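Please prepare a briefing on the structure shown here.

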Amino acid sequence: GNELPEIQDYIDDQVRSSEQSELFGVAEDKNIIFISAESIQSFVINNNVNGQEITPFLNSLTEDEDTYYFENFYHQTEQGKTSDSEFLVENSLYPLSRGAVFFTQGQNKFNAMPEILKEKDYYSAVFHANNKSFWNRDQMYESLNFDHFYGEEAYEVNDTNSIGWGLKDKPFFEQSIKYLQTLEQPFYSKLITLTNHFPFELDEEDKSIEPYDSNSNTLNNFFPTVRYMDEAIEQFFNQLKDAGLYKDSIIVIMGDHYGISQNHNKAMSMYLNKEEITPYDHVQLQRVPFFVHIPGHGDGEVKSKVSGQIDVKPTLLHMAGIKTDQDIYFGNDLFHDDRKGYIALRNGDFISDEYISTRGICYDRQTGEPIEVDEEEDQSDSNTALKNACDPITEKVEKELGYSDDLIYGDLFRFVDFDKLNK
Ligand code: GP9
Ligand code: MN
């Protein structure tokens, strides 16, 4: 059967907000420069290691008057890692619970950001110095309607400017500038970094801070590579200014997913000065930085509302002055107060203003304390059912994840006339 009408009704009732946010159109005619920052987690922001700041540049952005920083922003990725984060951003749909949607659904029809932005004459391009077929990007980017993909072959990569997974972030940004300068404006460009990737290798000359000292080399080496990426992003801001691209652009920086898995919980608890990493702490560690930088804006602040990668698409489209009245998506504009009020993780866990639900336990989000389960009389057959304070939201989360899966597995966007919608 065709679930589309039911899904559209659900989105109208439960997801879409009715009015335009205060930042609607703020990026109109401006370039959108999106930096996908590899494996960075929010716990490094405004934090130290060995008495030294880890991310001085990003820290300065948290206080910058032209920047909004979202401190409770969650990644929502699964096994598809970076590609899942890209899928969330471009579509505001959930990735799959197993495998990578970039691989399994690379030929589907979508109504992704690059396509919708064409309505305002945006040219779109991705920059990433890795093999084009990694994560099946070459195929998926066509389905998402990107105009161009600058992959590894667009870059000069040699022994001295690469490490680990490939081209280091500093030469990557440096070499990307000349391409950005040639793009038709306005453009939507996504730049995907690589150096801060497991196993976090870095040349001595690129190490500005010392590794941490714990039983986990992964966590130890994470800090110097995060710092390297922070420096690369700062340098990129300056290069955008030198290239004359800065003033006419908004710059978005987002962490793609966690870098430190729960295998390193012991070292992590030592670093965070905690006795242990509880399931609640584990969910809180899934926060990744999200920055929206609008040169000359002046109203920037730290936003504390619960938010996530699912929210990026409606937020950016609205900033570009595009309405999403008809689109099919599961996120909310981050600059709008009328929001769903929860962020669903792909495994069914969620974070709401009040609660964090994980592994069937409902925690108070502020205190991290589990909430007592009420025994509730079921009057129909006098059985006692256990009622969890998180249950009402859990039901919505399950419904929403199911609808997203229906859309993807059924390739249901084939049946929507988006030319009409994107008019
Ligand atoms: C590979 C890069 C890293 O191109 O995006 O992928 P990941 O392992 O983080 O998904
Ligand atoms: Mn990644």
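Predicted model: local features only at pLDDT ≥ 70, side-chain atom pairs only at ≥ 80, totals over all residues.

Residues are numbered from 1 along each chain as its sequence is written, chains are lettered from A and ligands numbered from 1 in the order in which they are written, and side-chain values use heavy atoms, with hydrogens and water left out.

- Thr82 belongs to helix α3 (residues 81-91) and His257 to the loop between β11 (249-255) and α9 (265-271), so the pair ties together parts that are 175 residues apart in sequence.
- Helices (H or I, at least four residues) and strands (E, at least two) are DSSP runs, numbered from the N terminus.
- Both Thr82 and His257 are buried, meaning under 20% relative accessible area, with exposed over 50% and partly exposed in between (1.4 Å probe, protein chains only).

**Helices α7 and α8**

- Helix α7 (residues 169-182) packs with α8 at an angle of about 25 degrees, their axes 9 Å apart; axes are lines fitted to C-alpha atoms, for helices over the stretch in contact, and angles run from 0 to 180 degrees between N-to-C directions.
- α7 is therefore roughly parallel to α8, a term for angles under 35 degrees, with over 145 roughly antiparallel, 65 to 115 roughly perpendicular and the rest oblique.
- Residues making the contact include Phe173 and Ile177 of α7 and Tyr228 and Phe236 of α8; contact means heavy atoms within 4.5 Å.
- Asn220 lies in helix α8 (residues 217-242) and is buried, with a relative accessible area of 5%.
- Not counting residues up to four places away in sequence, Asn220 touches Pro211, Tyr212, Asp213 and Ser214.

**Backbone features**

- The peptide bond from Gln185 to Pro186 is cis, with omega near 0 degrees, and Pro186 is in the loop between α7 and β10 (187-192).
- Phe198 and Pro199 are also joined by a cis peptide bond, with omega about 5 degrees.
- Asp29, which is not a glycine, has a positive phi of about 70 degrees and counts as exposed at 59% relative accessibility.
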